[in-house]
Amino acid sequence: MVKPSVDVFVKADGESPIEGAPFSERKLKFKKLFRRIPKAAAFIIILLLICAIFSPWIAPHDPIEQNLADALKPPFWQKGGMTKYLLGTDNLGRDILSRIIYGARVSVIVGFAGVLFSGIFGTFLGVVAGYFGGKIDSVIMRLTDIMLSLPYILIAIAIIGAIGPSLTNIIIVLGITQWVSYTRIIRFEAMSLSKSEFIEMAVISGTRWWRILLVHILPNVLNSAVVLGTLDVGKMIIFEAALSFLGLGVKPPTASWGGMLADGRVYLTFAWWLATFPGIAISITVLGGNLLGDWLRDELDPRHQLKA
Amino acid sequence: MGAYIIRRILQSLIVILGVIIITFLISRVLGDPVALLLPPEATPEQRAYLTKDLGLDRPLYIQLVVYVSKVLKGDFGQSFRHQEPAMKLLLDRIPASLYLSLIATLISVCIALPLGIISAIKRGTIFDRIGMTLALLGQSIPAFWAGIMLILLFAVQLGWFPPSGYGGPKHVILPAVTLALFFSAATARLTRSSVLDVLDMDYVRYARLKGVPEFVVIIRHVLRNSFITILNIVALQLGLLLGGAVITEFIFSWPGIGRLSLDAIYNRDYPVIQATVVVAASFFVVINLLVDIIYSATDPRVSRK
Amino acid sequence: MKNSKFEENILEVKDLQIHFFTDRGVIRAVEGVDFSVRKQEVWGLVGESASGKSVIGQALIGVVAKPAGRIVSGEVFFKGEDILKMDPREVEKIRGNQIAFIPQDPTTALNPLLRIGFQIGEAFKYHRSLRTSSIPEEIVKVMKVVNIPSPEQRVNDYPHQLSGGLKQRVIIATALSCQPDLLIADEPTSALDVTIQIQIIKLIREIQDRFQMTMILITHNLGLVAKMCHRVAVLYCGRIVEEASVKELFGDPKHPYTRGLLASLPKGEKGDVELYTIPGQLPNPLYHPPGCSFSPRCPHAFEKCQEIPPMEWSSEDHRVRCWRWKEI
């Protein structure tokens, strides 16, 4: 390739070429796709899943076993710390590292189940609103407006406060409050799909509406739904952590990152490690989810063709 | 333009009405006010009396109508816990929450808008990549944990700021920064993508083709056209702040409506919960309405037919 | 050179290469294009969509689609100076001033939030040092040139209040405002209704006639070329495959692609029901065939077509890029 003599020009548009763009012209498209999966995000997610699934084999200690003699031991690199408890212990002598590893279970379950429920509900409403339009659409849209304006934290806390904290209840509350983000976008897509020719043909040839929805519209909006879902996993995890932090989450002594944060807050002044490590765990996990969701959205974006 | 505004106002009213109805239904479903107000030893007659007095023996829809008409006048009833009207309790705390929200918004806007705009203009450069990575990080860190870490660092270790409580700049800065963390991260990313959308528009390229200097193109064409979208984004976040600062107010013992409602939930104080939800939701709806009105006034495609 | 009217070259392009770097590969949109445009002539550039013609048009004044596009090499001599090597600020002074551009879609080319009078004035403001008070006059003047009715009122209108044809007139007015030496029109009528197209074409012809402006007309419409151009070049997959005066190109096309294009024009004769189409499809922009890009579809292709044929002069004013132009 001829060395460019015109960099000056390109800057006239305020642009500069993308570095690192592959100049290859090999036709190995699929392999390229695989290579493009963001490594960091994939690593984080896999790590999370491993912790969640294999916790009994990975965790050095039992997460609920109390050992008051060893309470509030700092991480091993500080004075007074022991390599037995790599990240220190909490006020009841439980190993922080093990609790974090087991805490991944709660996060994974809440993340996926929450996204599943809210996603299914939200996508369903979105498809119905987009396809049928008219009064049904207006009603659903008003409903989403109302849900959007309700301060969801308050609602969630109020509901859990009444029906009692438990993992199942959290997932239910998440499903009830978080479906709105799906509905708007799916509705938009369903609307444009409904105007397309092959839907018109299906209608003309007498296909029943539920078949059209199921077979024609749903698979095509699934792309967006999946992207939204991936982006939402992080939100769910933070939500659960927030509820657990307020004491409205998973019941102790089950290890949950949010609950650990609540404990940690009490001992903040002299045992910083109780609160710090679970928070790092949450942040990294959510970051992984967001990175993956962003990548997925860019991949599936039809405008992706010429964007470098 | 007039028709558009009227339609939006009507929509907003419907939403607020819907919110009021939902709060009514939820609190009815969740608990029996009579049981909450009376001590356990109360006799059946006392219960019956209170039920009648509170109007709870009438059919549900009549209760609903009564409730809605009262709420529209601002009457949420007496707080169960304190002997004052729920609305008054709320109004006492609103200034504190508003103060916190506005400072948080100010901080966010000062960080997020320049970050988002410059990242978009310098798309693909190091600045863009680092900026957006930081923004992504900011969105991934749970606000309440960030608050705790800030307290740890600045209040406990360094002692620069007080760890909690209400007051002037020294007190408000840590909670405001905590709230601003997520707010500015999300705003920066959304700003960047809306500016990018405008940058790709034909009229921007055409302005350059006319020979308009780049700087002017950015200000006159790009920023002017992204303005309303960015305003929308900021308003959306601000609207959510009033009701969404619950945990932050809790951590920093900030006497706002978030803390009030949290206590109310622990105490099953339904009038206060209802009042908070309705007011927070209305705040959100009104802000969005205002943004839409500004939009219809400034976009010539809507304001002139 | 045949016609002494067209003596000097106002524009000379040498080996222009423009690539787009996407993360799916490199799109070689323009692969070594050479041409010259003479003063006061109308030079046509014909090609299908994705032939690279629009890219060339904009690149002539240094605008490349961001962020993936890049002028990889080449020289564009305008009045003797290489634009591509000039300081960006110098180039800004030329754009809209000595070289004006008419884009394809007038609707998207106008900022919906600004009044059209102002947008026309933008072209003036940065190029001519007029007193601010005389700018509105000049704007109205140039609107009259393009026959916009009641320009004094129209000046304060917003784009959405104008019809497509009026918008394109506004664009043309903007282009003319600084009396450019060179006008580049990129598909000036494709986005308009057929009836309006005729009006706009008439307008452009009048203007070219009246101001004796040099013009580059970029289009896929051969009929337009026949009406308006003196010389024309045919572009395929980023390379010029043939260039000649309009008479010669239409009368004696030498390149198989050009012949295919001319053959696929409906002739409007009785019994002319079937339209000829060139067999095959445009190649994927990411993977141009090696050698002559047209070879997969060419009825005369043979092994040597795997090598890029050089440009050869078939007569004084006619050049072709094909190994077999002499035989076919």
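The model is predicted, with local features requiring pLDDT of at least 70 and side-chain atom pairs counting only at pLDDT 80 or more, while totals for chains, interfaces and linings use all residues. Residues are numbered from 1 along each chain as its sequence is written, and chains are lettered from A and ligands numbered from 1 in the order in which they are written.

View 1. Chain A has 13 helices and zero strands, and chain B has 14 helices and zero strands. Helices (H or I, at least four residues) and strands (E, at least two) are DSSP runs, numbered from the N terminus. The C-alpha trace of chain B spans about 85 × 60 × 30 Å along its principal axes. Buried residues make up 44% of the 308 residues in chain A, and 44% of the 305 residues of chain B count as buried. A residue is buried if 20 or more other C-beta atoms lie within 10 Å of its own, exposed if 12 or fewer, and partly exposed in between, with C-beta atoms placed from the backbone. Among contacts in chain A between residues at least 6 apart in sequence, those that join residues at least 24 apart make up 70%. In chain B, residues 24 or more positions apart account for 73% of the contacts with a separation of 6 or more. Two residues are in contact if their C-beta atoms, placed from the backbone, lie within 7 Å.

**View 2. The contact between chain A and chain B.** Chain B contributes 39 residues and chain A contributes 37 residues. On the side of chain B that touches chain A, the elements giving two or more residues are helices H1 (2–30), H6 (126–140), H7 (143–157), H10 (214–244), H11 (246–251), H12 (257–266) and H13 (270–298) of chain B. That side of chain B divides into 27 nonpolar, 10 polar and two charged residues. Ala, Val, Leu, Ile, Met, Phe, Trp, Tyr, Cys and Pro count as nonpolar, Asp, Glu, Lys and Arg as charged, and the others, Gly among them, as polar.

View 3. Helix H7 of chain C covers residues 164–176. At 1.5 Å a residue, its 13 residues should span 18 Å, which agrees with the 19 Å between its end C-alpha atoms; the expected span is 1.5 Å times one less than the number of residues. The buried residues of H7(C) include Leu166(C), Lys167(C), Arg169(C), Ile171(C) and Leu176(C). They pack against strand S6 (99–102), helix H3 (106–109), helix H4 (116–125), helix H5 (135–145), strand S7 (182–186) and helix H8 (194–211) of chain C. H4(C) is also mostly covered, with eight of its 10 residues buried. Among them are Ile116(C), Gln119(C), Glu122(C) and Phe124(C). The buried residues of H4(C) pack against helix H9 (202–209) of chain B, together with H5, helix H6 (151–154) and H7 of chain C.

**View 4. The pair H9 and H11 in chain A.** The axes of helix H9 (residues 180–194) and helix H11 (residues 209–245) of chain A come within 10 Å and cross at roughly 155 degrees. Axes are lines fitted to C-alpha atoms, for helices over the stretch in contact, and angles run from 0 to 180 degrees between N-to-C directions. H9(A) and H11(A) are therefore roughly antiparallel to each other (angles over 145 degrees count as such). Their crossing is right-handed, the near helix being turned clockwise from the far one by less than a right angle. Residues of H9(A) in the contact include Tyr182(A), Ile185(A), Glu189(A) and Leu193(A), and those of H11(A) include Ile217(A), Val221(A), Leu228(A) and Asp232(A). By class, this contact has nine nonpolar, three polar and two charged residues.

View 5. Ser140(B) lies in helix H6 of chain B and is buried, with 22 other C-beta atoms within 10 Å. Leaving aside neighbours within four places in sequence, Ser140(B) is in contact with Gly234(A), Ser283(A), Val286(A), Leu287(A) and Asn290(A). Ala135(B) is in helix H6 of chain B and is buried, with 24 other C-beta atoms within 10 Å. Not counting residues up to four places away in sequence, Ala135(B) touches Ala185(B), Ala188(B) and Arg189(B). Ala135(B) and Ala185(B) are 50 residues apart in sequence and 4.3 Å apart in space, C-alpha to C-alpha.

Technical notes: Parallel < 35°, antiparallel > 145°, perpendicular 65-115°, else oblique.
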